[in-house]
Amino acid sequence: MTKVGLAISVVFSTLAGYLLAVEDWQQIDIMKLMMLAVGGYCMVGASNAFNQIIEKDLDAKMDRTKNRPVSSGRVSKNTAFTLAAALTIVGLAILYIVSPKTAMFGAISIFLYTSVYTPLKPLTPLAVFVGAFPGAIPFMLGWVAHTDQFGIEAGMLFLIQFFWQFPHFWALGWFLFNDYEKGGFYLLPTRKKDKKTALQVILYCVWLIIASLLPATGYTGRLYLSPIAAVLVLAAGLWMLYGGVQLYRKQTDKSAKTLMLISVTYITLIQIIFILDKFLR
């Protein structure tokens with residue numbers, strides 16, 4: 001119901017943002033870190049549960065989703081709604097204790113995901129653009145949790161994860177195109193697996209590289225990247241760009257799946273680079 005793997009990866013992004021916000025190791029509040037992890041998990045879990053309720057009939061048509069708890073009938077809509085509502089209330093309460101702004105952004109995330117992104121998915125490929133907003137909130141949420149402020153630093157973390165969403169989800173939409181089609185979802189920007197879609201993947205990879213390297217310029221407040229770390233981030237970005245170029249050249253499901261796997265590794269890798277650079281330099 002809560003998609004444990006996805007939820008854990010989102011929580012990791014949130015905790016990474018928190019660690020980047022603290023001045024040093026001594027400032028780390030273990031209790032706040034744990035509350036952030038639990039509250040964040042509850043919010044992601046609630047979003048996923050609400051999503052399964054809304055898309056119950058569509059999920060039943062697709063191979064990758066037909067065995068989900070709600071679409072398969074193992075969990076009723078009422079039970080799923082009760083779980084989703086409970087997770088929302090508990091998650092918001094915990095995040096509010098962390099800081100009011102953290103709870104506010106958490107609430108915005110779950111609203112956009114369930115009330116805007118999910119209903120738009122069967123209607124327009126622009127749903128991916130809308131979904132990139134709640135998807136980009138977790139990385140900056142950790143920063144806001146520590147500082148209770150949304151400044152240039154939190155904005156940069158948001159921007160990095162925002163641009164990352166597009167090549168990631170378009171790669172997913174490419175190699176699962178036929179399955180998504182069964183459910184009436186056309187998530188690729190041109191609604192087709194063609195060079196125009198692949199070109200947009202490349203363009204967003206370029207924007208992602210630029211956004212990821214901006215902290216190395218020294219103009220992003222306390223969010224700073226050393227020259228050595230910037231080289232590592234650039235290398236990771238070029239790896240992802242290479243995956244995008246391969247998709248453009250080959251236009252195969254295999255190249256799309258490779259890009260998707262690269263993207264999952266990339267976002268975790270650069271978050272680790274940012275953290276290690278902060279505490280080791």
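In this predicted model, the lining of the largest pocket draws at least two residues from each of helix H1 (4–21), H2, helix H5 (100–120), helix H6 (127–147), helix H7 (152–175) and helix H11 (253–280). The largest pocket holds about 1,100 Å³ of space, and among the 48 residues that line it, those closest to its centre are Leu-6, Val-10, Asn-48, Tyr-113 and Phe-169. Sorted by class, the lining of the largest pocket consists of 24 nonpolar, 18 polar and 6 charged residues.

The packing of helices is the second topic. Two packed helices are described by the angle between their axes and the distance between the axes. Helix H2 (residues 30–54) packs with helix H4 (residues 77–98) at an angle of about 150°, and their axes are 8 Å apart. Because angles over 145 degrees count as roughly antiparallel, H2 is roughly antiparallel to H4. The crossing in which H2 passes H4 is left-handed, and the contact of H2 with H4 has, by class, 20 nonpolar, 5 polar and 2 charged residues.

The UniProt record, in an unreviewed entry, places the feature "transmembrane region" at several spans, including residues 31–54 and 75–97. The table gives the computed values for these two spans.

| Span | Distance between end C-alpha atoms | Helix | Strand |
|---|---|---|---|
| Residues 31–54 | 35 Å | 100% helix | 0% strand |
| Residues 75–97 | 31 Å | 91% helix | 0% strand |

Notes:
Residues are numbered from 1 along each chain as its sequence is written. This is a predicted model: local features need pLDDT of at least 70, side-chain atom pairs count only at pLDDT 80 or more; totals for chains, interfaces and linings use all residues. Side-chain values use heavy atoms; hydrogens and water are left out. UniProt positions are given in the numbering used here, feature names are shortened, and annotations may be inferred rather than shown by experiment. Helices (H or I, at least four residues) and strands (E, at least two) are DSSP runs, numbered from the N terminus. Axes are lines fitted to C-alpha atoms, for helices over the stretch in contact, and angles run from 0 to 180 degrees between N-to-C directions. Angles under 35 degrees count as roughly parallel, over 145 as roughly antiparallel, 65 to 115 as roughly perpendicular and the rest as oblique. A crossing is left-handed if the near helix is turned anticlockwise from the far one by less than a right angle, and right-handed if clockwise. Ala, Val, Leu, Ile, Met, Phe, Trp, Tyr, Cys and Pro count as nonpolar, Asp, Glu, Lys and Arg as charged, and the others, Gly among them, as polar. On a 1 Å grid over the protein atoms alone, a cavity is a set of points where a 1.4 Å probe fits but cannot get out, and a pocket is an open set with protein on both sides within 12 Å along at least five of seven lines; lining residues have an atom within 4 Å of a point. Grid points are joined across faces, edges and corners, and a volume is the space filled by probe spheres set on the points.
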